Amino acid sequence: RRTIYLGGAVDFINVEGIPGVDFSNQVAPGAVGDTAESVQTRVTYNNGGAWQALAPPAVDVSGKPISCQGTCALHLHGSSSWDVGTWETRLGSVYSHRSAPGVILATGNVGHALSFDPTKVNTYLSRDSGNTWFEILQGPHIYEFGNKGGLIVAAKMASFGPANKIQFSRDEGESWEDLPPTMPRAARKKLARAAGVERGSP
């Protein structure tokens, strides 16, 4: 009942291909004042029987230890952050697909609560249905994957500034290669077809 509902979008997301695993963004118990400052992400692995916080990554994308004051957890943006607003304000939602069971992409942050400031948001990936997470890109990105998760394509979100390149990873975010934004349309389509992209080419 504390799940976020904003502009017709509910922050309750099922993990595709993994029954019983769901994410929810909830207002923290006892929150006062602006509830947007008290949104916390919770995950269930048994169809809502029990909910728990997400363990944060140990290190950031550059390999430096992640630290924060107080209670540290990973918080992820849901449907309301994507469906509400414009391209200049949107942040990527938790995303999975049944063709890549267990692989999840999302934007969010480590801290006490979810941040809606793009300068504090990064891009994360889980390879085990949300049990462990890795920071794979600095800043918020739009993303897509294909080839059963074997290829990830990403570009910086407009909320974080102009995108000057498209990146892709062949190893679930371990390393990245750049594609110039001037890459011919035919070449982009060929890459998408080879990857088996499910939701449209980047």
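These legends walk through several close-up views of a predicted model. Residues are numbered from 1 along each chain as its sequence is written, and side-chain values use heavy atoms, with hydrogens and water left out. As this is a predicted model, local features need pLDDT of at least 70 and side-chain atom pairs count only at pLDDT 80 or more, while totals for chains, interfaces and linings use all residues.

**View 1. The whole chain, before zooming in.**
You'll find two helices and 14 strands here; helices (H or I, at least four residues) and strands (E, at least two) are DSSP runs, numbered from the N terminus. Of the 202 residues in the chain, 46% are buried, where buried means under 20% relative accessible area, exposed means over 50%, and partly exposed is in between (1.4 Å probe, protein chains only). Take the contacts (heavy atoms within 4.5 Å) between residues at least 6 apart in sequence: 48% of them join residues at least 24 apart.

**View 2. The largest nonpolar core and Leu-54.**
A nonpolar core is a set of buried Ala, Val, Leu, Ile, Met, Phe, Trp, Tyr and Cys residues joined through side-chain atoms within 4.5 Å. The largest one has 14 residues, and Phe-23, Leu-54, Leu-74, Leu-76, Val-94 and Trp-133 have the most contacts inside it. Strands S7 (73–76) and S8 (104–111) each supply at least two residues of this core, and the largest share, three residues, comes from S8. Now look at Leu-54: beyond its neighbours within four places in sequence, Leu-54 touches Phe-23, Thr-41, Val-43, Ala-73, Leu-74, Leu-76, Gly-130 and Trp-133. There's also a second, separate core of 11 residues, with Tyr-95, Ile-136, Leu-137 and Tyr-143 among them.

**View 3. The open sheet S3-S4-S5-S6.**
Four strands line up in that order, with antiparallel pairing; two strands pair if DSSP finds at least two bridges between them. At the edges are S3 (12–14) and S6 (52–53), each pairing on one side only. Inspect S4 (residues 22–27) and S5 (residues 39–44): six bridges join these antiparallel strands. Val-27 sits opposite Val-39 in S5.

**View 4. The open sheet S11-S12-S13-S14.**
Here's another run of four strands, again paired antiparallel. S11 (141–146) and S14 (177–179) stand at the edges with a single partner strand each, so one side of each has no neighbour in the sheet. From one strand to the next, the twist averages 25 degrees (axes are lines fitted to C-alpha atoms, for helices over the stretch in contact, and angles run from 0 to 180 degrees between N-to-C directions). S12 (residues 151–156) and S13 (residues 166–169) pair over four bridges, and Val-153 stands opposite Phe-168 in S13.

**View 5. Trp-176 and its surroundings.**
Trp-176 belongs to the loop between S13 and S14. Skipping neighbours within four places in sequence, Trp-176 is in contact with Ile-136, Leu-137, Ile-152, Ala-154, Gln-167, Phe-168 and Ser-169. The Trp-176 side chain reaches the backbone oxygen of Ile-136 at 3.2 Å, while the backbone oxygen of Gly-173 lies 3.4 Å from a polar atom of that side chain.

**View 6. The disulfide.**
The structure holds one disulfide, defined as a pair of cysteine sulfur atoms within 2.5 Å. Its partners are Cys-68 and Cys-72, with sulfur atoms 1.6 Å apart. Cys-68 counts as partly exposed because its relative accessibility is 28%, and Cys-72 is partly exposed too, at 31%.

Note on methods: Polar contact = N/O pair within 3.5 Å; in protein donor to acceptor, adjacent residues only side chain to side chain.
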